[in-house]
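Please look over the sequence and the fold shown below before reading on. The report that follows moves from overall features to individual residues.

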Amino acid sequence: MSTASSTAPSADANAAPVMPASALVALLGQHLGAARLDGPDALPITGVAPLERATEGDLSFIREQKHAHRWAESRASAALVTDGVDVPGHNPAERALIYVPSADLAMIALLDRFQPAGPARAPGVHPSAVVHPTAAIDDTAHIGPNCVLDEAARVGANATL
């Protein structure tokens, strides 16, 4: 078994991971081709929230100049910022801005990293599901209550509906 790192999930499998800002920059660089950090490398990020509701540990985003002034009053630890947006009131000694080509796309790329996994679902089809005889369902898929699978529908491995 390997030792835990700062990017590894906590002992609770459903808990969101703690990721340092530098790890987010590296991940975004892979997804978007570019990301630049203005702030502490080791700043821990534990979740995501809009600027007005963010607290310490949260990552937010600033997509347009008209929203940049809200950074000064936000309690977010970090924000994804679309390249070219000037963020007044930023102190890189305390908080981090991560500049990317598109703050929207960057947030989409990161959301699943901070969303705790849902409860495991047993494979199978719920009795209330309606499944057309030509639908194909992988043996590892879970089809929940009241789902409807139409003609020629395909459900892949480990899917949950």
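## Terms and basis

A residue is called buried when its relative accessible area is under 20%, exposed when over 50%, and partly exposed in between, using a 1.4 Å probe and protein chains only. By that scale A141, at 2% relative accessibility, counts as buried.

This is a predicted model, in which local features need pLDDT of at least 70 and side-chain atom pairs count only at pLDDT 80 or more, while totals for chains, interfaces and linings use all residues. Residues are numbered from 1 along each chain as its sequence is written, and side-chain values use heavy atoms, with hydrogens and water left out.

## Overall make-up

The protein chain holds three helices and 13 strands, where helices (H or I, at least four residues) and strands (E, at least two) are DSSP runs numbered from the N terminus. Of the 161 residues in the protein chain, 34% are buried. A contact means heavy atoms within 4.5 Å, and among the contacts in the protein chain with a separation of 6 or more, 34% join residues 24 or more positions apart.

## The five-stranded sheet

Five strands form an open sheet in the order β2-β7-β6-β5-β4, with mixed pairing; two strands pair if DSSP finds at least two bridges between them. Strands β2 (36–38) and β4 (47–48) stand at the edges with a single partner strand each, so one side of each is left without a neighbour in the sheet. The pairing of β2 with β7 (residues 96–100) is antiparallel and runs over three bridges, with L37 standing opposite I98 in β7.

Further into the order, β6 and β7 run parallel and are joined by five bridges, and V81 has Y99 in β7 as its bridge partner. Strands β5 and β6 also pair in the parallel sense, over four bridges, and here S60 stands opposite A79 in β6. Strand β6 is largely enclosed by the rest of the structure, because five of its five residues are buried. Both of its faces are covered, with A78, L80 and T82 buried on one side and A79 and V81 buried on the other.

## Helices α1 and α3

Helix α3 (residues 103–114) lies across β4, β5, β6 and β7, and runs at about 160 degrees to β5; such angles run from 0 to 180 degrees between N-to-C directions, and axes are lines fitted to C-alpha atoms, for helices over the stretch in contact. In helix α1, the residues A21, A23, L24, V25, L27 and L28 are buried. The expected span of a helix is 1.5 Å times one less than its number of residues, so the 12 residues of α1 should span 16 Å, which agrees with end C-alpha atoms that are 16 Å apart. Just after α1, G33 takes a positive phi of about 85 degrees.

The axes of α1 and α3 come within 10 Å and cross at roughly 125 degrees. That makes α1 oblique to α3, given that angles under 35 degrees count as roughly parallel, over 145 as roughly antiparallel, 65 to 115 as roughly perpendicular and the rest as oblique. At this crossing, L24, L27, L28, H31 and L32 in α1 meet L105, A106, A109, L110, R113 and F114 in α3.

## Residues in the later loops

A141 is placed in the loop between β10 (136–137) and β11 (142–143). Not counting residues up to four places away in sequence, A141 touches P123, G124, V155, G156, N158 and A159. A141 and N158 are 17 residues apart in sequence, yet 4.6 Å apart in space, C-alpha to C-alpha. N158 itself lies in the segment after β13 (154–155) and is exposed, with a relative accessible area of 60%.

The loop between β11 and β12 (148–149) contains C147, which is buried with a relative accessible area of 15%. Leaving aside neighbours within four places in sequence, C147 is in contact with A129, V130 and L161. N146 lies in the loop between β11 and β12, but N146 counts as exposed, at 60% relative accessibility.

Most residues other than glycine have a negative phi.
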